[in-house]
Amino acid sequence: MITTLTGSNDFMRNAELRAMTQKVVSEFGDMAVERLDGASASSDAMLGALQSPPFLTARKLVILREPGQQKAFAEGLEQAAKTIPEQTDVILVEPKLDKRLGYYKFLKKHTTMQECAELDGAALTRWATAFVKERGGTLEPAASRELLNRCGSQQQIMHTELQKLLAFSPDITLSTVQLLTPHLPQSTVFTLLDAAFAGKTKQALALYDEQRSLKVEPLAILAMMAWQLHILALVKTAGSRTADAIAKEAKVSPFVVRKTQGLARSMSLAHLKKRIAMLLEIDLRLKRESLDADEAMRLYLLSLAS
């Protein structure tokens, strides 16, 4: 049997891989598992691992990480799959797959494909609450909302922060989240934009200064703002499509889309286009002229509220 683990959710993908690997190890031992990485192993070595029978064990599990990096492997898999011994199971770990390629189409049709996508806000909150409860703790609703605001929709980051919070106290409150969990720059930029568009210039400038104190460079903040404005434009021009439909087409998290929809409803398309053009002009001028980047970014934030 061949299983393909794909998708951007590193935490879910790694959890699935650990569970499948542990099942084999517990029954047949460590020698039953063979691991190869497409970044270093040759295509011949990886294809050979699939076709060779188990050695000193009743079954064998072959784990190949991103084998599609090797073009020869992607082209040779269809033929090699026909000669995989019945006693051999295969796991292909492919976080990113190009759906236009024949390699993807073969994996989709002839392997058990598990899509490990990022969870949306509601699903991530449910998972976080269950994760904390399983470890004898509690997670306040306000604390879970604040975690989403600070960590975004990446389950791996959420997992890391929850472990840290549980080590401090089994009962996770809003105050402990605010005390121990930093804002991700991208998450903060959304809050920064939200504040600026709402006319809360003092809060927006404070958030900008906070990012600078964390050694985030002005051009990095500009790039993240450009990404947020890009998502905002996608949502604004999506018409009546649902958040899930927008996320699927744009290949972004549904959580990000839902978080952006409220802001998109509060402004006109003409206003949004003007602000995007202004940010582009700042980007070009910073690359061509000797401007004070901090002053340019602060003036831009002030202009958003006007």
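Let me begin with a term: helices here are DSSP runs of H or I with at least four residues, and strands are runs of E with at least two, numbered from the N terminus. Just after helix 5, then, G136 takes a positive phi of about 80°.

A word on the source: this is a predicted model, in which local features need pLDDT of at least 70 and side-chain atom pairs count only at pLDDT 80 or more, while totals for chains, interfaces and linings use all residues. Residues are numbered from 1 along each chain as its sequence is written, and side-chain values use heavy atoms, with hydrogens and water left out.

Staying with helix 5, its buried residues (under 20% relative accessible area, against over 50% for exposed and in between for partly exposed, with a 1.4 Å probe and protein chains only) are G121, A123, L124, W127, A128, F131 and V132. They cover an arc of only 165° around the axis, taken from the directions from the helix axis to the C-beta atoms, and therefore lie on the same side of helix 5. On the other side of helix 5, R126, K133 and E134 are exposed. The buried residues pack, by contact of heavy atoms within 4.5 Å, against several elements, including helix 1 (10–28), helix 7 (155–168) and helix 13 (254–265).

Leaving aside neighbours within four places in sequence, I221 is in contact with V189, Y208, Q211, R212, V216 and M297.
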